[in-house]
Amino acid sequence: MSSISIGTARHFHPRGTPGDVCRDHNRAALATVVAAEARRRGYGPDLSDEQIDECAALAGRKAPSPTSREAIRAALAPPITADDAPEAVAAAVFGALPSHPVRVVGHDGREFFLVPLPVTA
(Lines give C-alpha, C1' and ligand atoms only; values in the text may rest on other atoms or scores of the structure.)
Protein backbone atom coordinates (compact mmCIF):
# COMPACT_ATOMS: atom_id res chain seq x y z
CA MET A 1 0.00 0.00 0.00
CA SER A 2 1.43 3.36 -0.95
CA SER A 3 1.20 6.42 1.21
CA ILE A 4 -0.70 9.30 -0.31
CA SER A 5 0.16 12.86 0.60
CA ILE A 6 -1.81 16.02 0.04
CA GLY A 7 0.81 18.16 1.69
CA THR A 8 0.03 20.36 4.63
CA ALA A 9 -1.95 23.56 4.90
CA ARG A 10 1.03 25.61 5.96
CA HIS A 11 2.23 25.42 2.34
CA PHE A 12 -1.04 26.93 1.12
CA HIS A 13 -1.17 29.87 3.53
CA PRO A 14 0.99 32.95 3.96
CA ARG A 15 3.83 32.81 6.45
CA GLY A 16 2.56 33.68 9.90
CA THR A 17 -0.87 32.06 9.48
CA PRO A 18 -1.99 30.87 12.93
CA GLY A 19 -1.54 27.16 13.58
CA ASP A 20 -5.22 26.56 14.37
CA VAL A 21 -6.18 27.84 10.91
CA CYS A 22 -3.76 25.40 9.29
CA ARG A 23 -4.96 22.54 11.51
CA ASP A 24 -8.60 23.19 10.54
CA HIS A 25 -7.63 23.23 6.86
CA ASN A 26 -5.62 20.01 7.21
CA ARG A 27 -8.41 18.28 9.13
CA ALA A 28 -10.99 19.09 6.45
CA ALA A 29 -8.72 18.06 3.59
CA LEU A 30 -7.56 14.84 5.23
CA ALA A 31 -11.11 13.93 6.26
CA THR A 32 -11.99 13.76 2.58
CA VAL A 33 -9.36 11.07 1.98
CA VAL A 34 -10.89 8.78 4.59
CA ALA A 35 -14.48 9.76 3.74
CA ALA A 36 -13.92 8.95 0.06
CA GLU A 37 -12.77 5.47 1.04
CA ALA A 38 -15.82 5.14 3.29
CA ARG A 39 -18.12 6.15 0.40
CA ARG A 40 -16.54 3.47 -1.81
CA ARG A 41 -17.39 0.94 0.90
CA GLY A 42 -20.97 2.19 1.22
CA TYR A 43 -20.57 3.66 4.71
CA GLY A 44 -22.59 6.64 5.88
CA PRO A 45 -22.24 9.19 8.67
CA ASP A 46 -23.09 6.58 11.31
CA LEU A 47 -19.98 4.49 10.63
CA SER A 48 -18.20 3.12 13.67
CA ASP A 49 -14.75 4.06 14.90
CA GLU A 50 -13.57 0.67 13.68
CA GLN A 51 -14.90 1.37 10.18
CA ILE A 52 -13.20 4.77 10.20
CA ASP A 53 -9.93 3.11 11.23
CA GLU A 54 -10.37 0.53 8.44
CA CYS A 55 -10.90 3.28 5.86
CA ALA A 56 -7.98 5.30 7.20
CA ALA A 57 -5.69 2.28 6.91
CA LEU A 58 -6.90 1.55 3.38
CA ALA A 59 -6.15 5.18 2.50
CA GLY A 60 -2.66 4.91 3.98
CA ARG A 61 -3.46 7.04 7.01
CA LYS A 62 -3.13 6.46 10.74
CA ALA A 63 -6.16 6.23 13.00
CA PRO A 64 -7.67 9.72 13.23
CA SER A 65 -8.23 11.79 16.34
CA PRO A 66 -11.74 12.19 17.80
CA THR A 67 -11.99 15.64 16.21
CA SER A 68 -10.99 14.25 12.81
CA ARG A 69 -13.49 11.41 13.21
CA GLU A 70 -16.17 14.06 13.63
CA ALA A 71 -15.01 15.74 10.39
CA ILE A 72 -15.07 12.40 8.55
CA ARG A 73 -18.61 11.69 9.72
CA ALA A 74 -19.66 15.22 8.72
CA ALA A 75 -18.24 14.62 5.23
CA LEU A 76 -20.50 11.58 4.92
CA ALA A 77 -23.68 13.48 5.77
CA PRO A 78 -26.34 13.53 3.05
CA PRO A 79 -25.07 15.64 0.16
CA ILE A 80 -26.41 18.99 -0.88
CA THR A 81 -27.57 19.41 -4.46
CA ALA A 82 -28.56 22.21 -6.82
CA ASP A 83 -32.17 21.30 -6.06
CA ASP A 84 -31.82 22.06 -2.35
CA ALA A 85 -33.33 25.24 -0.97
CA PRO A 86 -30.84 28.07 -0.49
CA GLU A 87 -31.44 27.91 3.26
CA ALA A 88 -30.46 24.22 3.32
CA VAL A 89 -27.30 24.91 1.33
CA ALA A 90 -26.37 27.81 3.61
CA ALA A 91 -26.99 25.70 6.71
CA ALA A 92 -24.82 22.86 5.36
CA VAL A 93 -21.97 25.15 4.35
CA PHE A 94 -21.93 27.44 7.36
CA GLY A 95 -22.52 24.55 9.74
CA ALA A 96 -19.37 22.89 8.40
CA LEU A 97 -16.98 25.70 9.22
CA PRO A 98 -14.15 25.72 10.05
CA SER A 99 -12.98 22.13 9.52
CA HIS A 100 -15.66 19.87 8.08
CA PRO A 101 -15.95 18.98 4.41
CA VAL A 102 -19.38 19.25 2.78
CA ARG A 103 -20.50 16.56 0.35
CA VAL A 104 -22.26 17.83 -2.78
CA VAL A 105 -23.69 16.11 -5.84
CA GLY A 106 -23.27 17.80 -9.21
CA HIS A 107 -25.78 17.91 -12.03
CA ASP A 108 -24.14 14.84 -13.58
CA GLY A 109 -24.49 12.79 -10.37
CA ARG A 110 -20.80 12.91 -9.44
CA GLU A 111 -20.01 13.58 -5.80
CA PHE A 112 -17.56 16.16 -4.53
CA PHE A 113 -16.30 17.38 -1.19
CA LEU A 114 -16.16 21.10 -0.58
CA VAL A 115 -13.30 21.85 1.77
CA PRO A 116 -13.28 25.18 3.60
CA LEU A 117 -10.09 27.10 2.92
CA PRO A 118 -9.68 29.96 5.39
CA VAL A 119 -8.58 33.26 3.96
CA THR A 120 -8.46 35.14 7.24
CA ALA A 121 -7.28 34.11 10.66
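## Helix 3 and its surroundings

The residues of helix 3 that are buried pack against helix 1, helix 2, strand 1 and strand 2. This is a predicted model. The buried residues in question are Ser-68, Arg-69, Ala-71, Ile-72 and Ala-75. They lie on the same side of helix 3, because the arc they cover around the axis is only 160°. An α-helix has 3.6 residues a turn, so residues three or four places apart point the same way.

## Overall layout

The chain contains 4 helices and 2 strands. Along the sequence these elements come in the pattern α-α-α-α-β-β. A box of roughly 40 × 35 × 25 Å, taken along the principal axes, holds the C-alpha atoms of the chain.

The radius of gyration of the chain is 14 Å, which agrees with the value near 14 Å for a compact globule of 121 residues. Of these 121 residues, 33% count as buried. Among the contacts in the chain with a separation of 6 or more, 53% are between residues 24 or more positions apart.

## Helix 2

Helix 2 has three named positions that are buried: Ile-52, Cys-55 and Ala-56. These residues line one face of helix 2, because they fall within an arc of 100° when seen down its axis. Helix 1 and helix 3 are included in what covers them. Just after helix 2 comes Gly-60, which takes a positive phi of about 75°.

## The largest nonpolar core

The largest nonpolar core has 13 residues, and those touching the most other members are Val-34, Ala-38, Leu-47, Ile-72 and Leu-76. Two or more residues come from each of helix 1 (19–40), helix 2 (49–58) and helix 3 (66–75). Helix 1 gives the most, with 4 residues.

Ile-52 is one of the buried residues of helix 2, and Ile-72 is one of the buried residues of helix 3.

The loop between helix 4 (86–96) and strand 1 contains Pro-98. The peptide bond that leads from Leu-97 to Pro-98 is cis, and its omega is near 10°.

Strand 1 (residues 102–105) and strand 2 (residues 111–114) run antiparallel and are joined by 4 bridges. Opposite Val-104 stands Phe-112 of strand 2. The hairpin made by the two strands has 5 residues between them, and Gly-109 in this hairpin takes a positive phi near 90°. In a regular strand the side chains alternate between the two faces of the sheet.

## Arg-103

Two polar contacts involve the side chain of Arg-103. One joins it to the side chain of Glu-111, at 3.0 Å. In the other, a polar atom of the Arg-103 side chain lies 3.3 Å from the backbone oxygen of Leu-76.

Which residues does Arg-103 touch, not counting those up to four places away in sequence? They are Arg-39, Ala-75, Leu-76, Ala-77, Pro-78, Pro-79, Ile-80, Glu-111, Phe-112 and Phe-113. Among them, Ala-75 is a buried residue of helix 3, Leu-76 is a member of the largest nonpolar core, and Phe-112 stands opposite Val-104. Between Arg-103 and Tyr-43 there is a distance of 14 Å in space, C-alpha to C-alpha, and the two residues are 60 residues apart in sequence.

Methods:
Residues are numbered from 1 along each chain as its sequence is written. This is a predicted model: local features need pLDDT of at least 70, side-chain atom pairs count only at pLDDT 80 or more; totals for chains, interfaces and linings use all residues. Side-chain values use heavy atoms; hydrogens and water are left out. Two strands pair if DSSP finds at least two bridges between them. A nonpolar core is a set of buried Ala, Val, Leu, Ile, Met, Phe, Trp, Tyr and Cys residues joined through side-chain atoms within 4.5 Å. Buried means under 20% relative accessible area, exposed over 50%, partly exposed in between (1.4 Å probe, protein chains only). The arc is that of the directions from the helix axis to the C-beta atoms. Contact means heavy atoms within 4.5 Å. A polar contact is a pair of N or O atoms within 3.5 Å; within protein, one must be able to donate a hydrogen and the other to accept it, and residues adjacent in sequence count only if both atoms are side-chain atoms. The radius of gyration is taken over C-alpha atoms; the globule rule is 2.2 Å times the number of residues to the power 0.38.
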